Amino acid sequence: MLDVILISIVSSLGLGLSFFFGIVFLKNKKLANRILGLLLILFALRITKSIFYNFVELPLLVKNLGLAANLAVGPLLYLYGHYLSSQNQSFKKSHLLHFIPSLLYVLFGQLIPNSDGSVLWRISYTFILFQSYLYLGMSSYRYLKKMNHVQKELRLWYVRLIFTLGLTWMCYTLIFVDILPVYSAGPVAYSFFIVLLAYLGINSKKTFDLSLTSKYNSSTLTAEMGQAYFDKIEETMKEKQLYLNHGLTVTAVAKAIGISSRNVSEIVNKYGNQNFASYINHYRIEEAKCLLKTRSKKSKIISIALDAGFNNLSTFNVSFKAITGLTPSEYRSKYDQKFTV
């Protein structure tokens, strides 16, 4: 009896946090945050099903609705990463195709078997686990290859979320193959990981400041105006190469575009999905990559850094590796090898 009480307490703590943060994110105006909110709520519902399933006999439909929620979590994880790293913040209707398996479970939940003695259930649950790991892989690939320009705090938050879901699904997999005999391990594991995730997010502060709050609630910019100005900023950056100026500021860019500094900051954050410094550094790194490819090996890295717009070598090295995954020297060597092989 004591075990049951402890499991219920631990599980309820994680579920409470998941529902709380899910609702908070869901109320946010940014599409990526709404997707995250829905993810947290649906996975909490899936865990809630597991908790009740461990203690009471649930109707077939209820059990399968929990699995339907699980089938939606993987796609939501992937789409959350997609919209964190995408300039386009309009939901694509084609993305609804990701949720077909979940919808089928909702529509035919009364018919799909859900018991240990059913071969069809084992096949269907194997598919659910496969789908979960497939989206974990897709999300991890996006994190590694498509999110270098996203703010560090949000990238760290995303990879922690991937690990949280992955480790929880791993617990369910071990239960399914009879390696882990305690069914409550799934809900308990999720609760532990979600509490840890929340703690790390709150402790870093910037994670939730960036994700949950809006600094531009009083903005008068429409979506059309914002996108148009962002396109103009992009065009100006490429044509005038403002990023080569070591002391480039938001004010300087604002003057070049003809709008306020506040608007420039807002537009870069909303449509570039990064702060102003990261946005400028992205252009500088692209310039540095070109210089590393075209200049002689005798050229010093510091001269390339300065010519690309950086003030010093240390900042350049840190920024370059953060975006490319390589040091400037490693990048130059790797590029040279392509033409010597």
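User: Let's start with Asn 281. Is that residue buried or exposed?
Analyst: Asn 281 counts as buried, because its relative accessibility is 16% and the limit for buried is under 20%. Keep in mind that this is a predicted model.

User: Okay, and where does Asn 281 lie?
Analyst: Asn 281 is part of helix H12, which covers residues 276-294.

User: Which residues is Asn 281 in contact with, leaving aside its neighbours within four places in sequence?
Analyst: With those neighbours left out, Asn 281 touches Phe 310, Ser 319 and Ile 323. Ser 319 and Ile 323 also turn up on the H14 side of the contact between H12 and H14.

User: How do H12 and H14 cross, then?
Analyst: Their axes come within 10 Å and cross at roughly 90°. Angles of 65 to 115 degrees count as roughly perpendicular, so H12 and H14 are roughly perpendicular to each other.

User: Which residues make that contact?
Analyst: On H12 you have Asn 281, His 282, Ile 285, Ala 288, Lys 289 and Leu 292, and on H14 there are Phe 316, Ser 319, Phe 320, Ile 323 and Thr 324. Sorted by class, the contact of H12 with H14 has six nonpolar residues, four polar and one charged.

User: New topic: rings. How many aromatic pairs are there?
Analyst: The count comes to 18 aromatic pairs. One of them is Phe 230 with Tyr 279, a tilted pair at 6.1 Å centre to centre, with 50° between the planes.

User: Where do Phe 230 and Tyr 279 sit in the chain?
Analyst: Phe 230 is in helix H9 (residues 223-240) and Tyr 279 is in helix H12, so this pair links distant parts of the chain, 49 residues apart. Phe 230 counts as buried because its relative accessibility is 1%, and Tyr 279 is buried too, with a relative accessible area of 3%.

User: What about Tyr 243 and Tyr 283: stacked or edge-to-face?
Analyst: Tyr 243 and Tyr 283 are stacked, with 5.3 Å centre to centre and 20° between the planes. That pair also links distant parts of the chain: Tyr 243 is in the loop between H9 and H10, while Tyr 283 is in helix H12, 40 residues apart. Tyr 243 is buried at a relative accessible area of 6%, and Tyr 283 counts as buried at 10% relative accessibility.

User: Which residues do ring pairs link into a cluster?
Analyst: Phe 230, Tyr 243, Tyr 271, Tyr 279 and Tyr 283 are linked into a cluster by ring pairs.

Note on methods. Residues numbered from 1 in each chain as written. Predicted model: local features only at pLDDT ≥ 70, side-chain atom pairs only at ≥ 80, totals over all residues. Heavy atoms only, no water. Helix = DSSP H or I, 4+ residues; strand = E, 2+ residues; numbered from the N terminus. Buried < 20%, exposed > 50% of the residue type's maximum accessible area, 1.4 Å probe, protein only. Contact = heavy atoms within 4.5 Å. Phe/Tyr/Trp six-rings, centres within 6.5 Å; stacked < 30°, edge-to-face > 60°. Axes fitted to C-alpha atoms, helices over the stretch in contact; angles between N-to-C directions. Parallel < 35°, antiparallel > 145°, perpendicular 65-115°, else oblique. Nonpolar A, V, L, I, M, F, W, Y, C, P; charged D, E, K, R; others polar.
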